[in-house]
Structures are given as C-alpha cells and as structure tokens.
Amino acid sequence: MKNKYIAPVLLGAGIAAVLYSCGSTIPEKAVAVTNFDKAKYLGKWYEIARLDYKWEKDLNNVTAEYSLNDNGTIKVNNKGYDVKKDKWEESIGKAKFVKKDNIGMLKVSFFGPFYAGYNVIAVDQDYKYALVAGESLKYMWILSREKTIPESIKADFLIKAREIGYNISDLVWVKQDKMN
C-alpha cells in the first residue's frame with residue numbers, strides 16, 4: 001500500500017526541482033545588463049565581496065574564470081582558499097544564457113540539472129568591474145579584474161545593491177592575499 005505513494009512523491013519532487021531550476025533567476029528590483037558582451041566578460045575575475053553562503057563559507061582569495069565550451073555554454077571555474085582547512089578548493093560548472101546572449105542574465109550549474117541565477121546587473125564599459133545578483137536577495141557578488149576595486153565603483157555598486165534590497169552590511173569582504 002505504501003508503494004503507491006512513493007511514485008507520486010518522487011514525481012512531485014522532480015517537478016519541483018525542474019520548476020526551481022527554470023524559475024525566476026533574478027531579484028524583483030534587479031535588471032540584467034543589456035548590450036552585454038559575452039566575449040569581454042570571459043576571463044578571470046577576483047571576488048571583492050559577497051553575501052556568504054555555504055559553498056563559499058571560509059573562502060578567501062576567491063576567483064572565477066569564465067571560458068567558452070565547445071557547445072556554446074560558458075565554463076565556470078571557481079577557486080578559493082579555505083582558511084579553516086588550509087587548502088585550495090575548486091569547483092567547475094557551466095553557465096548558459098536565460099534569454100539572449102546579449103543580456104547579462106545567466107543560470108549556472110555545478111550540480112547536474114540544477115541551476116541558479118547569475119545576473120550581471122552592472123558592469124563598467126571596459127568590463128573591469130561587475131556587480132552580480134543571484135536569483136534572490138541572498139546572493140550577490142562584487143567582482144574585479146584586479147585584486148582591488150576603486151572606492152568610487154565600490155560606492156556605486158553598494159548604492160545600487162541597497163536600492164534593489166540587498167542588506168549590504170552582511171557583505172563579506174574577501175581577502176586577496178595569496179596567488180592561485
């Protein structure tokens with residue numbers, strides 16, 4: 001008798017996972033960059049600040065490197081130094097555009113079919129600094145091509161993040177003091 005309930009529960013869980021992975025990928029007040037240049041965004045970025053979450057807990061010296069896969073998706077190679085474990089951690093995933101590839105709205109996956117929002121909501125004209133929103137107000141990153149960011153850019157990004165609804169007092173300011 002119990003077996004007749006297992007299939008519907010598993011099916012429901014599968015549908016929920018698909019809906020979650022295909023659902024809204026950007027916070028309500030955030031807007032992804034239009035006229036986004038995928039080629040200029042590729043390469044190495046240093047994480048300047050983030051809203052902490054379990055996959056990046058205790059990591060400093062975090063970088064993200066983006067390159068094109070043969071199938072048109074973007075390879076995501078995240079690295080960071082775990083200060084508690086005293087070792088480098090690496091996570092490789094893929095990203096793909098949610099709409100068009102000239103809109104900075106992507107979804108990224110490190111775990112099979114499960115995707116999370118990755119939205120470039122601000123980038124300077126030279127693609128040296130970027131503000132990235134996750135799919136909710138729990139996820140946000142400030143990135144730079146260098147290990148530091150000018151105070152004026154930082155201030156602009158923090159104002160924009162606050163206007164969207166992010167609690168910027170919760171940001172973790174990432175140390176960039178090791179080579180990786």
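Trainee: Which residue does K84 form a salt bridge with?

Mentor: With D58; the closest N and O atoms are 3.9 Å apart. D58 sits in the loop between strand 1 and strand 2, and K84 in the loop between strand 3 and strand 4, so the pair ties together parts that are 26 residues apart in sequence.

Trainee: And D58, what does that count as?

Mentor: Partly exposed, at 27% relative accessibility.

Trainee: How many salt bridges does the count come to?

Mentor: The count comes to 10. One of them joins K38 and D101, with the closest N and O atoms 3.5 Å apart. That pair links distant parts of the chain, 63 residues apart: K38 is in helix 2 (residues 38-41), while D101 is in the loop between strand 4 (87-97) and strand 5 (105-111). D101 counts as partly exposed because its relative accessibility is 40%.

Trainee: What about K128, which side chain does that one meet?

Mentor: E146, in a salt bridge of 3.5 Å, N to O. Those two are 18 residues apart, with K128 in the loop between strand 6 and strand 7 (129-133) and E146 in the loop between strand 8 and helix 3. Both count as partly exposed, K128 at 31% and E146 at 35%. There's also a network: salt bridges that share partners join E47, R50, D52, E56 and K57.

Trainee: Changing topic. How many helices and strands does the protein have?

Mentor: Three helices and nine strands.

Trainee: Is strand 2 mostly covered or mostly open?

Mentor: Mostly covered. Strand 2 covers residues 59-68, and seven of its 10 residues are buried.

Trainee: How many bridges join strand 2 to strand 3?

Mentor: Eight, and the two strands run antiparallel, with strand 3 at residues 74-82. T63 stands opposite K79 in strand 3. The two strands form a hairpin with five residues between them, and G72 in the turn has a positive phi of about 95 degrees.

Trainee: What about strand 1 and strand 2, in which sense do they pair?

Mentor: Antiparallel as well, over four bridges, with strand 1 at residues 43-51. G43 has Y66 in strand 2 as its bridge partner.

Trainee: Now I149. Where does that lie?

Mentor: In the loop between strand 8 (140-144) and helix 3 (151-164).

Trainee: Why does I149 count as buried?

Mentor: Because its relative accessibility is 12%, and the cut-off for buried is under 20%. Leaving aside neighbours within four places in sequence, I149 is in contact with I48, Y129, I142, L143, K154 and F157. I149 and Y46 are 103 residues apart in sequence, yet 9.7 Å apart in space, C-alpha to C-alpha.

Trainee: Last one: what's the mean pLDDT?

Mentor: It's 88, and 86% of the residues reach 70 or more. Over residues 1-22, though, the pLDDT is below 50, and that stretch has seven contacts in the model beyond near neighbours in sequence. Where pLDDT is low, the predicted coordinates should not be read in detail.

Key
Residues numbered from 1 in each chain as written. Predicted model: local features only at pLDDT ≥ 70, side-chain atom pairs only at ≥ 80, totals over all residues. Heavy atoms only, no water. pLDDT = per-residue confidence, 0-100. Contact = heavy atoms within 4.5 Å. Buried < 20%, exposed > 50% of the residue type's maximum accessible area, 1.4 Å probe, protein only. Pairing = 2+ DSSP bridges. Salt bridge = Lys/Arg side-chain N within 4 Å of Asp/Glu carboxyl O.
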